[in-house]
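Me: I'd like to go through this model with you, question by question. Can you take it from the fold down to the helix packing?

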Amino acid sequence: MTALLQISGLRKRFGARAVLQGLDLTVEAGETVGLLGPNGCGKSTTLNLVCGLLQADAGQVLIAGQPVSPRSAALVGYCPQDSALYRDLLPAENLDFFARLHGLSAARRKARVDELMQRFGLLPHAATRAGRLSSGWQQRLSLAVALVHAPRLLVLDEPSSAVDLQARQALWTLIDGLRAAGTTILLTTHQLAEAERLCSRVALLQGGRIAALGTPAQLCSRVPAQAVAQLQTADEAATLRRAAALGWAVRRYGGQLCCLLPLSATLREVVEALDGAGVTAVSLQPVTLEHAYLEALGAAA
Ligand SMILES: Nc1ncnc2c1ncn2[C@@H]1O[C@H](COP(=O)(O)OP(=O)(O)OP(=O)(O)O)[C@@H](O)[C@H]1O
Ligand SMILES: [Mg+2]
């Protein structure tokens, strides 16, 4: 079976900066794949290449087996990092405008606009111009716009970056519904919890290539730990000596001292093992995608 999206050997440079240096990624129909990595690593560039908004220097992007072209554009819906909405148009007018761009007939446009206004809960905001909607509602409308031509592949660039917790959860519920209906999704996010919640697989981008790829559970299982102990200490040297003696690798995640525990342990066992080593507080956490990300991308100095 042909993958819905197949990226191979993708290269893109801007001036002297080689952003993508041979990126390979395959997304099967029905998957939700998250492309994660630090600011400037080339996530949006990759999405722009998939959507045919940029030209690659080398490599190939195939959508349902076809190279990116105006024909493949019908298969892809794109929700860019910066809103593409027309601020002065009403929600339904925005939907209608993008439906026209995709060449939908008048009857189909009307049906699709009505359906999306209803399904995305936009009807109470029908009289508010897009630029006056809250960030959360603008993001919902952007998602609806990306779906107006019923694409098979939905490309979302940081879909919930500027929205509050409740709006984010509402977006997640909408995305769940799309996944359940079989839409294939490629998204970027800086929120590891969002990736863990939404993505069937996660790709970590570094140095212009995919540095690690797998389900969130697979990526977590690559962290050499059963659990992570987060510590506060009044005597760091003593704590580090004890950790070394116990065979616990030490990390500083976001400046916070952490130990990777090679065996699962209770909080009481951890506290006892650290007794007399200057530790003033301990909390025990399961290994999360955040730890996997920091380990894989080498940000865990
Ligand atoms: N059109 C362009 N012209 C020149 N440089 C560009 C252009 N687009 C992107 N870049 C540069 O390419 C690099 C990758 O940018 P990109 O937007 O793909 O990163 P990103 O991973 O999406 O980052 P963020 O997490 O901040 O959104 C950055 O250094 C950026 O400045
Ligand atoms: Mg970006």
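This is a predicted model: local features need pLDDT of at least 70, side-chain atom pairs count only at pLDDT 80 or more; totals for chains, interfaces and linings use all residues.

Me: Are helix 3 and helix 5 roughly parallel or roughly antiparallel?
Reply: Their axes cross at roughly 25 degrees. Angles under 35 degrees count as roughly parallel, so helix 3 and helix 5 are roughly parallel.

Me: Which residues of helix 5 does helix 3 meet?
Reply: From helix 3, the residues in this contact are Pro91, Asn94, Leu95 and Phe98. By class, the contact of helix 3 with helix 5 has six nonpolar residues, one polar and no charged. On the helix 5 side, the partners are Leu141, Ala144 and Val145.

Me: Now the other neighbour: how are helix 5 and helix 6 oriented, roughly parallel or roughly perpendicular?
Reply: Helix 5 is residues 135-146 and helix 6 is residues 165-180, with axes that come within 9 Å and cross at roughly 15 degrees. The crossing of helix 5 past helix 6 is right-handed. With under 35 degrees as the cut-off, helix 5 and helix 6 are therefore roughly parallel.

Me: How many charged residues are in the contact of helix 5 with helix 6?
Reply: Helix 5 brings Gly136, Gln139, Arg140 and Leu143, while helix 6 brings Ala167, Leu171 and Leu174. Sorted by class, the contact of helix 5 with helix 6 holds four nonpolar residues and two polar, and the number of charged ones is one.

Me: Let's zoom out. How far apart are the centres of domain 1 and domain 2?
Reply: Domain 1 runs over 5-215 and domain 2 over 221-296. Over C-alpha atoms, the separation of their centres is 38 Å.

Me: Which element gives the largest share of the side of domain 1 that touches domain 2?
Reply: The contact takes eight residues from domain 1 and five residues from domain 2. On the domain 1 side, the elements giving two or more residues are helix 7 (192-198), strand 9 (201-206) and strand 10 (209-214). That side divides into seven nonpolar residues, no polar and one charged. The largest share, three residues, comes from helix 7.

Me: What about Arg109: is it buried or exposed?
Reply: Arg109 sits in helix 4, residues 106-119. It touches Asp96, Ala99, Arg100 and Leu104, leaving aside residues up to four places away in sequence. Since 20 or more other C-beta atoms within 10 Å is the cut-off and Arg109 has 20, it counts as buried.

Me: And how far apart in space are Arg109 and Asp96?
Reply: Asp96 is one of the residues that Arg109 touches. In sequence they are 13 residues apart, and C-alpha to C-alpha the distance is 6.3 Å.

Conventions: Residues are numbered from 1 along each chain as its sequence is written. Chains are lettered from A and ligands numbered from 1 in the order in which they are written. Domain bounds come from an automatic or database domain assignment. Two residues are in contact if their C-beta atoms, placed from the backbone, lie within 7 Å. Helices (H or I, at least four residues) and strands (E, at least two) are DSSP runs, numbered from the N terminus. Ala, Val, Leu, Ile, Met, Phe, Trp, Tyr, Cys and Pro count as nonpolar, Asp, Glu, Lys and Arg as charged, and the others, Gly among them, as polar. Axes are lines fitted to C-alpha atoms, for helices over the stretch in contact, and angles run from 0 to 180 degrees between N-to-C directions. Angles under 35 degrees count as roughly parallel, over 145 as roughly antiparallel, 65 to 115 as roughly perpendicular and the rest as oblique. A crossing is left-handed if the near helix is turned anticlockwise from the far one by less than a right angle, and right-handed if clockwise. A residue is buried if 20 or more other C-beta atoms lie within 10 Å of its own, exposed if 12 or fewer, and partly exposed in between; C-beta atoms are placed from the backbone.
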